[in-house]
Amino acid sequence: MTPSTPSAPKPAAPDLCEPCAGIQRHWRKAPGHAELVQGTHSREDRGNGQASFTRYRCDRCGAAWEYENNKSNQHAGWALLEH
Ligand SMILES: [Zn+2]
């Protein structure tokens with residue numbers, strides 16, 4: 001007999017799944033995870049070189065990610081768009 005009170009404390013951040021939460025953001029060449037599904041791809045000329053953007057959606061928690069690939073920006077990488 002166990003009283004069912006599933007009262008997990010709500011995190012302030014959007015509840016990403018574990019692999020999403022583990023993604024290192026805004027860091028060049030940081031890896032994503034296996035459950036991200038690739039979406040649209042686009043390119044942008046940033047003046048100092050081409051940047052390319054790839055959208056991903058997490059199959060597990062539904063988070064929308066964008067990965068920026070830009071050789072001239074060490075901080076271009078994963079960014080969370082929405083959840
Ligand atoms: Zn996820």
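Is Asn-73 buried, partly exposed or exposed? Asn-73 counts as partly exposed, because its relative accessibility is 27% (buried is under 20%, exposed over 50%, with a 1.4 Å probe and protein chains only).

## Ground rules

This is a predicted model, where local features need pLDDT of at least 70, side-chain atom pairs count only at pLDDT 80 or more, and totals for chains, interfaces and linings use all residues. Residues are numbered from 1 along each chain as its sequence is written, and side-chain values use heavy atoms, leaving out hydrogens and water.

## The fold

Of its 83 residues, 30% are buried.

Back to Asn-73: it sits in the loop between β3 and β4 (78-82). Its C-alpha atom is 9.5 Å from that of Asn-48, 25 residues away along the chain.

## The zinc site

Four cysteines hold the protein donors of the zinc ion: Cys-17, Cys-20, Cys-58 and Cys-61, each through SG and 2.3 Å from the ion (donors are N, O and S atoms within 2.8 Å of the metal, or 3.2 Å for Na, K and Ca). Their spacing in sequence is C-x2-C-x37-C-x2-C. Within this set, Cys-17 in the segment before α1 (18-21) and Cys-61 in the loop between β2 (50-58) and β3 (64-70) link distant parts of the chain, 44 residues apart.

The arrangement is tetrahedral because the donor angles run from 104 to 112° (for four donors, all angles must lie between 85 and 135 degrees). Cys-17 counts as buried at 10% relative accessibility, while Cys-61 is partly exposed at 22%.

Notes. Four donors count as tetrahedral if all angles lie between 85 and 135 degrees; four count as square planar and six as octahedral if opposite donors are over 155 degrees apart and all others between 65 and 115; anything else is irregular. Helices (H or I, at least four residues) and strands (E, at least two) are DSSP runs, numbered from the N terminus.
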